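User: Hi! Could you help me make sense of how some helices pack in this one?

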Amino acid sequence: MKKLAILAATALLAACQTQEQGYTLEGTLTGGEALTGKVYLQKQTPSGKLVRTDSATIADGKFSMKGQVESPELYTLYIDLRTDPTESVKDKVFAVNFYLENSPITFEGDPATLPGIFYDPDRKTEAPVINGSATQDFYTQFRQSMQTINDSLAAVDQRYMEDYTIPMMNDKNHEHDYTAVGVAIAKDDARWKQAHQEKTLEFIRQNPSSVVAFDQLIALLSSFTVDFTAAQIDSMRSWVAPSWEGTSRLAALDSIVGKIKPVALGEKYADIDVQTPDGKMVKLSSLIPQGKYVMLEFWASWCGPCRAEIPHLVRVHEKYKDFTIVSVSVDEKEADWQKAMKEEKMTWTQARITDGIMGETVKKYNITGVPTCIVLDGEGRFYRTNTRGAYLDAFLMELYGK
């Protein structure tokens with residue numbers, strides 16, 4: 001980490017020295033063809049909107065851009081080699097993230113291995129060679145320091161799919177019990193995720209003035225679920241705040257903090273109005289027993305992963321009679337919800353948020369997508385996240401010893 005801290009200081013110094021001259025970006029696409037097309041620079045605003053800031057024409061596999069940025073920032077280089085905009089993007093459109101700063105920068109990559117805009121498990125990708133940005137060099141060093149952990153997490157994900165998810169889905173008659181296999185993989189995944197989180201937090205703590213570290217903090221706090229307490233969130237903010245006081249970046253961070261602290265671990269769940277299957281509007285609290293662990297499972301009839309998880313929830317409900325599941329649909333249409341409940345034989349506690357996934361109610365839980373599964377403790381406080389599939393089984397075996 002000491003080496004990374006030195007590189008961070010180098011990146012900051014380089015950014016200060018080159019502010020007046022701006023940036024140049026000279027690109028080369030290799031592969032033996034005289035490639036043509038368009039290339040765009042774009043960045044994401046604090047509100048999440050993608051904005052294109054520069055563009056250039058690709059001729060004979062080369063392109064050039066120049067401009068100026070206020071400070072080093074993560075940009076996306078969007079490369080489009082299509083001659084017809086209606087043509088498939090497969091193997092024709094690519095996207096590479098990198099840190100742009102005011103310096104002479106070169107980019108070299110082969111379209112045969114550049115990352116596409118959609119994930120393709122069969123496509124071999126290699127990072128392009130980017131030189132001239134000290135901030136990008138620092139980011140690359142950080143990525144390299146995390147390589148072992150990231151590779152291990154990827155291997156665990158593959159095992160989970162190949163040894164647990166696919167065999168279980170293909171076992172239509174439930175002839176085999178894959179619980180033990182899944183739980184072992186889930187525990188392995190948890191260990192590597194913990195290592196990833198700890199190393200990332202240490203990196204942020206040691207490099208609070210680096211935009212790379214700041215972006216890593218944003219990423220941690222913007223994940224699908226909140227895995228920190230409110231005190232931990234405040235502590236992390238305090239690491240970076242002095243270096244970013246008065247900036248739009250800190251304002252964006254504070255906006256995220258404001259959204260996630262109400263659903264941080266240890267906080268009491270928000271009581272909301274929900275509809276029961278018989279059409280009545282009730283408070284969610286009326287469906288949650290006191291003194292017991294309860295899982296809130298937010299789902300929708302149109303959500304494929306949600307529907308795929310329901311057979312597993314049926315088995316969990318049958319096995320753990322003392323464990324309460326409250327499935328909360330975000331379907332906008334009541335008829336769709338009612339139909340799905342009958343089809344899936346969902347006999348446990350059911351409710352629906354009537355204003356749907358885009359309404360105001362789900363914002364009280366910071367729901368950005370479904371399925372989202374959260375366990376409450378006996379006092380109604382957020383206790384555990386990521387409780388689906390084998391991860392739910394692992395939690396229940398830990399809780400009930402079976």
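Analyst: Happy to! Helices α5 and α6 are roughly antiparallel to each other, because angles over 145 degrees count as roughly antiparallel. Keep in mind that this is a predicted model, where local features need pLDDT of at least 70 and side-chain atom pairs count only at pLDDT 80 or more, while totals for chains, interfaces and linings use all residues. Residues are numbered from 1 along each chain as its sequence is written, and side-chain values use heavy atoms, leaving out hydrogens and water.

User: What angle do α5 and α6 pack at, and how far apart are their axes?

Analyst: The angle between α5 (residues 211-221) and α6 (residues 230-244) is about 150°, and their axes are 11 Å apart.

User: Which residues make the contact?

Analyst: From α5 come Val211, Phe214, Leu217 and Leu221, and from α6 come Ile233, Met236, Val240 and Trp244. Contact here means heavy atoms within 4.5 Å.

User: New topic: which residues of α9 are buried?

Analyst: In α9 (residues 334-344), those are Trp337, Gln338, Ala340, Met341 and Glu344. Buried means under 20% relative accessible area, exposed over 50% and partly exposed in between, using a 1.4 Å probe and protein chains only.

User: What follows α9?

Analyst: Lysine 345, with a positive phi near 55°.

Methods:
Axes are lines fitted to C-alpha atoms, for helices over the stretch in contact, and angles run from 0 to 180 degrees between N-to-C directions. Helices (H or I, at least four residues) and strands (E, at least two) are DSSP runs, numbered from the N terminus. Angles under 35 degrees count as roughly parallel, over 145 as roughly antiparallel, 65 to 115 as roughly perpendicular and the rest as oblique.
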